[in-house]
Amino acid sequence: AIVAGEMLGMTAATQETIRDLYRARAWTFRQLGEPERALADLEHALEGARAAGDRATEMHVRNALGTHWHVLDPRASRRFHEEALGIAEELGDESGQVSALNRLSLVLANELEFAEAVELGERALQIARRAGDELAVSRAMDSLKFAALQLGDLERLEELCAELERSQRRRGDLWYLQWTLCESCYVPLERRDWQEAERRVTEALAVSDRVGGERASGVLFRDTASWIARCRGDYEGSLAFGREALERADTPDASWLGWAAAGLANPLLDLRAFELAVPVLERGLAAAERNRARGQIFRCLGALSSATRMAGRETDARALAERAQQIAEQVTTPPGRVDFWAEQAYFAIAETHLAAGDIEPAEETMRGRLKAWQDSGARRSIAKTARFLARCAEARGDWASAGEMLARSAEAAGEEGLLCERWQIEAGLARVAVAAGSVTDAEEHGRRAHELIDTMAASVGEEEIGARFRERALTEIGRPASTLRD
């Protein structure tokens with residue numbers, strides 16, 4: 001259609017129809033994984049819109065350019081969305097304002113500016129509700145949903161996803177429905193309802209395949225599936241999904257490589273396979289740094305710090321944690337909220353303090369996180385955070401507090417899944433029992449720790465990784481708390 005129109009003398013500078021065709025073709029190229037061709041079409045449409053003084057089309061194209069640069073260059077993305085917002089306000093276009101605010105909120109959330117992201121999302125929602133525009137309301141809620149996920153605000157995430165899912169199913173809006181399904185997984189995940197979480201991500205993957213399997217969804221949905229399998233205790237499935245996500249993210253622009261690398265590092269580090277995790281994370285960090293993707297950089301730094309500590313490279317681990325700390329100081333969150341998604345970085349920072357004997361700063365960070373998880377009912381996060389605080393108490397020689405925190409961790413972890421947490425909880429309880437002089441209890445907790453380690457090793461499906469994990473985990477049992485590894 002573009003060629004035919006241009007053969008008739010129609011150009012992007014003279015005909016709105018041609019500008020619209022370039023925008024549509026850019027979207028198609030993006031779905032096909034051809035970002036450079038998409039960018040060329042968008043730039044041509046923008047040039048034509050500016051030549052024609054077509055501010056409405058210019059607004060749409062600037063928003064599209066912001067989306068193009070979302071991960072590859074967040075600063076450019078932010079600039080384009082802010083310019084689109086300015087035009088929308090100039091035109092009094094409420095739908096355009098909501099679109100720009102929604103996308104700008106997503107950029108800020110990925111850059112760890114959560115307080116500002118929520119503020120912009122709420123502003124977009126207010127405009128959309130005032131206009132009575134159902135579609136605009138859904139778009140505004142989409143950015144708030146993502147912010148709620150990043151902040152671990154389960155109640156808000158559940159509320160937003162329920163309303164979005166109803167309206168998206170009613171409209172047949174499969175493109176946005178797939179994202180709602182995937183991101184809603186984290187509510188049952190944190191509540192330890194593995195079956196519901198798995199059902200949701202399975203449907204998200206099916207919808208993604210139905211609408212064409214765009215690259216970002218292919219990476220992120222498999223990353224989510226990896227996380228769910230890991231929590232359920234299926235390390236073979238977790239590694240398979242994580243590796244597939246990494247493979248799909250390994251593209252020339254590597255826009256999601258840092259995200260996928262940090263995701264695959266989770267099961268690898270649970271399995272103490274640091275020699276496999278380090279090269280993956282180094283590649284992911286390098287890609288994230290090229291793209292200046294702060295959120296991905298933060299997660300990779302944290303995971304790489306933990307991996308290098310496992311490898312016995314304490315100086316490198318500390319340096320990486322210090323870099324993560326510099327980013328942590330720039331993170332903004334609404335009152336009472338914490339950064340859920342980058343837990344790898346926060347634990348690495350706290351681990352570094354604990355390894356150096358600086359117990360107080362390690363505890364300070366984790367106490368704030370534990371309160372947030374208790375307020376939101378995030379049982380998986382409670383289990384992990386309380387266990388770390390037990391290690392801090394143990395390092396202080398406060399066995400009573402260590403026992404209390406381990407009991408809280410065990411209650412949150414339950415009896416199904418979370419194998420990595422549960423064997424370490426049992427090992428910690430064995431040490432508490434030894435300190436209390438209760439040999440029988442120590443032996444019982446030690447036996448349970450061994451059983452969970454064996455179960456976890458058997459779940460890997462790869463004999464070498466499983467056997468190496470079992471050997472390393474058994475070696476860890478009985479060490480002082482400050483030398484243990486998360």
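Trp-194 lies in helix H12 (residues 194-211), where helices (H or I, at least four residues) and strands (E, at least two) are DSSP runs numbered from the N terminus. The model is a predicted one, in which local features need pLDDT of at least 70 and side-chain atom pairs count only at pLDDT 80 or more, whereas totals for chains, interfaces and linings use all residues. Residues are numbered from 1 along each chain as its sequence is written, and side-chain values use heavy atoms, with hydrogens and water left out.

Not counting residues up to four places away in sequence, Trp-194 touches Leu-189, Ile-228, Cys-231, Arg-232, Glu-416, Gly-417 and Leu-418, a contact being heavy atoms within 4.5 Å. Ala-229 is 35 residues from Trp-194 in sequence, and their C-alpha atoms are 8.2 Å apart in space.

The chain as a whole contains 25 helices and 0 strands. For its 486 residues, a compact globule would have a radius of gyration near 23 Å, and the 24 Å of the chain agrees with this; the radius is taken over C-alpha atoms, and the globule rule is 2.2 Å times the number of residues to the power 0.38. The C-alpha trace spans about 90 × 45 × 40 Å along its principal axes. Of the 486 residues, 59% are buried. Among contacts with a separation of 6 or more, 65% are between residues 24 or more positions apart.

The chain exposes about 19700 Å², of which carbon and sulfur atoms supply 49%; accessible areas come from the Shrake-Rupley method with a 1.4 Å probe, and for residues only the protein chains shown count as cover.

The mean pLDDT of the chain is 93, and 96% of its residues reach 70 or more. Helix H1 (residues 2-7) has the lowest confidence, at a mean of 56, and helix H15 (residues 257-270) the highest, at 98. Over residues 480-484 the pLDDT is below 50, and this stretch has 10 contacts in the model beyond near neighbours in sequence. Where pLDDT is low, the predicted coordinates should not be read in detail.

Most residues other than glycine have a negative phi. Ala-254, which is not a glycine, has a positive phi of about 50°. This residue lies in the loop between helix H14 (235-249) and H15, and Ala-254 counts as buried at 3% relative accessibility. Arg-292 likewise has a positive phi, near 55°, and is found in the loop between helix H16 (274-291) and helix H17 (294-310). At 39% relative accessibility, Arg-292 counts as partly exposed.

Two further helical positions were considered. Ser-138, in helix H8 (residues 134-151), counts as buried at 4% relative accessibility. Beyond its neighbours within four places in sequence, Ser-138 is in contact with Leu-164, Ser-167 and Arg-171. Gly-466 is located in helix H25 (residues 463-476) and, at 5% relative accessibility, counts as buried. Residues up to four places away in sequence being set aside, Gly-466 touches Ala-457 and Val-460. His-60 is 406 residues from Gly-466 in sequence, with a C-alpha to C-alpha distance of 52 Å.

How values were computed. pLDDT is the predictor's confidence in each residue, from 0 to 100. Buried means under 20% relative accessible area, exposed over 50%, partly exposed in between (1.4 Å probe, protein chains only).
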